[in-house]
Amino acid sequence: MTSVHDNFNYTLVHTDSKTGARAGVLHTPHGDILTPIFMPVGTNSTVKLVTNNNLYDTGAQIILANSYHLYLRAGHKLIEKFGGIHGWMNWNKPVLTDSGGFQVFSLAHLRKISEEGVEFRDPKDGKKHFISPEISMEIQQSIGADIIMAFDWCAPYGCDYKTAKEAMERTHRWLERCVNAKTNTNQALFPICQGAFFDDLREESAAFVSQYDAVGFAIGGLSVGEDKETMNHFVELTAPLLPHNKPRYLMGVGTPEDLLDGIKRGIDMFDCVLPTRNARHGSFFTSEGKEQIKNAKFQEDPRPLDEKCDCYACKNHSRAYIRHLYKCGEGTGQALMSIHNIKFLIDFSQKARQAILEDRFEEFYNENYPKQSC
RNA sequence: UCCUCAGUAGCUCAAUGGCGGAGCAACCGGCUGUUAACCGGUAGGUUGUUGGUUCGAGUCCAACCUGGGGAG
């Protein structure tokens, strides 16, 4: 049987009997993704400070890039000439590009929104650029990621009902335009559920996007400043309303704690800048919770970042040495910690997957949550 | 030996004779579809020493101590 998604397929392998946790496999043109999965972020077609060989070693199964930033530099047409994102950065596993929708939120002071699309100013030179759903699709198709995202309007945290409804409804109209503009069948377009922090809008949005015959679905607009309890509420409300036989992607999340909470509620895919950004800023994940490498207590610590980790940094270097690199401003320290934090989160997602397959996710959650939430 | 310049937080330096500050370093925290190797907080002082002038001295005066430069 053929469909518009010849090159994609999702198999839901097992659902945990006590929670909503799911283990699955997402097949893409560049390989399989074992879900739940954490996806490292490489906005400018590189995961900051991490070379591809190191990235492969972390077990990364799919990485993100950002179509808005790549449109500004180096330009999607140039990337297309190099064989798309895979040829451009010489990465042979799956890639997902964000549409630029998040920049509607993160660059709020530099853009103007209309029904037609969004006018952005380049943060670096102030030059104006117009992105519409159609243009976002054109950019993302040139870049050529396996998974591309709908161009959405991510409303700010704390916005009123009227704004939230307007952003959601426009996001829905823009989704229709993205679907109509998309021509490449070798890419999967994920719709994005919005609705801010209003139950009825979230329900309406989940129902709306679920009408589409998509490979997978995303939940956007969360983790934008709300507390954990609020985020969990909206994940719990929304995830079950999305097609159960399709992967669910919680955008921009998160911490080890967030992964546990998301997986428990039926999320299959996560991405976050946190492991790499925090690594550059000196904090690292351990199986006992997060730590700050610059703290004086690590000055003479001979142990690896995490004694249960087998990443390149942990196999080769001590906390004392890596701390020294930070104190000296040596970027190698940041590179080592980026590798560690990425591998930690990917391993964490895959350990959760194993627990789901063995139908013991609840135990996995209860064992790890206290350590990762303080 | 003489002349000269300087001495303020760990470091580099601010502060009309009128509440001694900043940057860096130290210590700690934050970061969630990357405008971020960033942002924030805390601590840190007998202003070289001893006298003097003054209502009031980091600041003016004297001596001494330490260091830089110069002369012999």
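How many bridges join strand β4 (residues 37-40) to β15? Four, and the two strands run parallel. This is a predicted model, in which local features need pLDDT of at least 70, side-chain atom pairs count only at pLDDT 80 or more, and totals for chains, interfaces and linings use all residues. Residues are numbered from 1 along each chain as its sequence is written, while chains are lettered from A and ligands numbered from 1 in the order in which they are written.

Start with β15. Strands here are DSSP runs (E, at least two residues), and helices are runs of H or I of at least four residues, numbered from the N terminus. Two strands pair if DSSP finds at least two bridges between them. P40 stands opposite C272 in β15. Strand β14 (residues 248-250) also runs parallel to β15, joined by two bridges. There, L250 has F270 as its bridge partner. Both faces of β15 are covered. M269 and D271 are buried on one side, F270 and C272 on the other. A residue is buried if 20 or more other C-beta atoms, placed from the backbone, lie within 10 Å of its own; it is exposed if 12 or fewer do, and partly exposed in between.

Helix α10 (residues 256-264) packs against this region. Eight of its nine residues are buried, so α10 is largely enclosed by the rest of the structure. Among the buried ones are L259, L260 and I263, but also D258, D261 and K264. The buried residues pack against β4, β14 and β15, and against the helices α9 (228-238), α14 and α15 (361-372). Contact means C-beta atoms, placed from the backbone, within 7 Å. After α10 comes G266, with a positive phi near 95°.

Now turn to the open sheet. Its four strands are ordered β5-β6-β10-β11, with parallel pairing. β5 and β11 (188-190) stand at the edges with a single partner strand each, so one side of each is left without a neighbour in the sheet. From one strand to the next, the twist averages 25°. Two bridges join β6 (residues 95-98) to β10 (residues 147-149). T97 stands opposite I148 in β10.

N66 lies in β5. Is N66 buried or exposed? It is buried, with 21 other C-beta atoms within 10 Å. Leaving out residues up to four places away in sequence, N66 touches T43, T97 and D98. The C-alpha atoms of N66 and A150 are separated by 12 Å, although the two residues are 84 apart along the chain.

Next comes a helix pair. The axes of α7 (residues 161-181) and α8 (residues 199-210) come within 11 Å and cross at roughly 5°. Axes are lines fitted to C-alpha atoms, for helices over the stretch in contact, and angles run from 0 to 180 degrees between N-to-C directions. That makes α7 roughly parallel to α8, a term for angles under 35 degrees. A164, K165, M168, H172 and L175 in α7 meet L201, S205, F208 and V209 in α8.

Of the 48 residues around it, P123, C154, G252, G254 and V273 come nearest. To count as near, a residue needs its C-beta atom, placed from the backbone, within 6 Å of the strand. β5 (63-66), α5 (101-106), β15 (269-272), α11 (274-280) and α14 (331-357) each supply at least two residues of this surface.

Technical notes: Angles under 35 degrees count as roughly parallel, over 145 as roughly antiparallel, 65 to 115 as roughly perpendicular and the rest as oblique. Two residues are in contact if their C-beta atoms, placed from the backbone, lie within 7 Å.
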